[in-house]
Amino acid sequence: MSVHDDITSVQRSLDDLHRSLGRLEHRIGSEGLEMRRVRLDADHLRESVALLRAAAAAPDTARRPDLVTISDTPYDISLWTDSDDEGLGARDRRAP
């Protein structure tokens, strides 16, 4: 089964849940906190599945960042002339 098929299956199940909640809400009413909470949770699940569907439709290249090659050659020593040694301060001054 592909990812698209799995997401479609989950979407169908959520649609069934939505219809079942509608019937249940019709029987017991929507006034209770529990019913509102279950309805909100089901709506959040539907939104999450929509986000999954959008993410699965994106091309693979958008998900993987380009790799940057770092050279093994040493850096130019002049880069460090004005730098401080960590914890020791500048080279021409004494540490506190």
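A nonpolar surface patch is formed by Val68, Ile70, Tyr75, Ile77, Leu79 and Trp80, with about 770 Å² of accessible area together. This is a predicted model, in which local features need pLDDT of at least 70, side-chain atom pairs count only at pLDDT 80 or more, and totals for chains, interfaces and linings use all residues. Residues are numbered from 1 along each chain as its sequence is written, and side-chain values use heavy atoms, leaving out hydrogens and water.

**Surface**
- Patch members have over 30% relative accessible area and no salt bridge, and nonpolar side chains are joined within 5 Å; a salt bridge is a side-chain nitrogen of Lys or Arg within 4 Å of a carboxyl oxygen of Asp or Glu.
- Tyr75 lies in the segment after α3 (60–63) and is exposed, at 60% relative accessible area (exposed is over 50%, buried under 20%, partly exposed in between; 1.4 Å probe, protein chains only).
- The chain exposes about 8900 Å², of which carbon and sulfur atoms supply 56% (Shrake-Rupley method, 1.4 Å probe).

**Fold**
- The chain has three helices and zero strands (DSSP runs: H or I of at least four residues, E of at least two).
- Buried residues make up 10% of the 96 residues.

**Helix α2**
- Met35, Arg39, Ala42 and Val49 of α2 are buried, and the buried residues of α2 pack against α1 (3–28).
- Arg39, in α2 (residues 33–57), counts as buried because its relative accessibility is 14%.
- Beyond its neighbours within four places in sequence, Arg39 is in contact (heavy atoms within 4.5 Å) with His18, Leu21, Gly22 and Glu25.

How values were computed:
Patches are made of residues with over 30% relative accessible area and no salt bridge: like charges are joined within 9 Å, nonpolar side chains (Val, Leu, Ile, Met, Phe, Trp, Tyr) within 5 Å.
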